[in-house]
Amino acid sequence: MQDLAKTLEGSLTELSKRDWLTALADLSENNGHFQPLGRKHFSSYIAGGETLLVTFESYDGIQRISPNAHPLGWEVAKVLGWSSLSLISDGQSWFRDREIYAYFDDLVDDGFFEEFDNVIFYGAGPCGYAAAAYSIAAPGARVLALQPQATLDPRVAEWDDRFIRQRRLDFTSRYGYAPDMIDAAAEAFVIYDPEETEDAMHAALFTRPNVHKLRLRHAGGSLQYSLRNMKILSRLIALASTGRLTPEIFAKLARARREDRQYLRNLLRHTDDKGRTKLSYVICKNVIARMEGVPAFERRLKGLETRLAELTEADS
């Protein structure tokens, strides 16, 4: 584990896309394998322990979220000593590419997934769709998908108008309809914010006996970013990998959202929209008492105090 951590500790930030890809390929080849998959996708395998984490990620997401510009799979593998297989896209493609189909076919034919005691597939949004869809390549695996789409096929999801251009992608051929592809999984965990209407509707399509739907209300439309801010994403992956993630444990871990400023802003916006002035006041007072450097909440509190004074005067 120490050797693996040392190998993956170097930063890849401030590199051009070409140099970043070269560095990623070199590290992968020296510790596993690297394979281009068509023009917009590639895979990075880092050999480690007997648990394999398969992540689906995008180049832009890695650069935006990771402080070292590392795939999330690397970060988790480094801490836990796992093996990591990262499928990375250049752009949001939902990984709908025949090169990827063929790549997973080869992994299955080679018995790659059978070499591991545990396999978990992970992704968020379009990558969450891919994690669910390709998990069928490793029957008995577990899946953790954050706000995944079930499909963008307009015959099924015409109500989701966020990705109209991507409807032209083929979601009806191999590895197509994600909810059907998780039937062979031991368990799947779908995390979403029920206040995000389209995400909630996609989550409903994943209703299956082996699927646990975990709700994180007011987290917003970027769950991966929020869970990383809460410092619980790696723990969720670790728990899901062995089937120890339950709604009760998730609820306890999700209490960390009380320290997540984006969640608190979303919550305050919700109470404001509902006209819950007193509740908004309580939220601001609580945040200011617990946290430093929250000027937006301090300004909002002053406005709320004025508003409550006006309401009290009107009632008297």
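The expected span of a helix is 1.5 Å times one less than its number of residues.

**Ground rules.** This is a predicted model, where local features need pLDDT of at least 70, side-chain atom pairs count only at pLDDT 80 or more, and totals for chains, interfaces and linings use all residues. Residues are numbered from 1 along each chain as its sequence is written, and side-chain values use heavy atoms, leaving out hydrogens and water.

**Helix 2.** I looked up residues 17–31: these 15 residues reach 21 Å from first C-alpha to last, close to the 21 Å expected. Buried here (under 20% relative accessible area, 1.4 Å probe, protein chains only) are Trp 20, Leu 24, Ala 25 and Ser 28. They cover an arc of only 130 degrees around the axis, which puts them on the same side of helix 2; the arc uses directions from the helix axis to the C-beta atoms. On the other side I found Arg 18 and Asn 30 exposed (over 50%).

**Aromatic rings.** I counted 18 aromatic pairs, with ring centres of Phe, Tyr or Trp (its six-membered ring) within 6.5 Å; planes under 30 degrees apart are stacked, over 60 edge-to-face, the rest tilted. Tyr 101 and Tyr 175 have centres 5.9 Å apart and planes at 35 degrees, so this pair is tilted. Tyr 101 lies in helix 5 and Tyr 175 in the loop between helix 7 and helix 8, 74 residues apart. I saw that both are buried.

Notes: Helix = DSSP H or I, 4+ residues; strand = E, 2+ residues; numbered from the N terminus.
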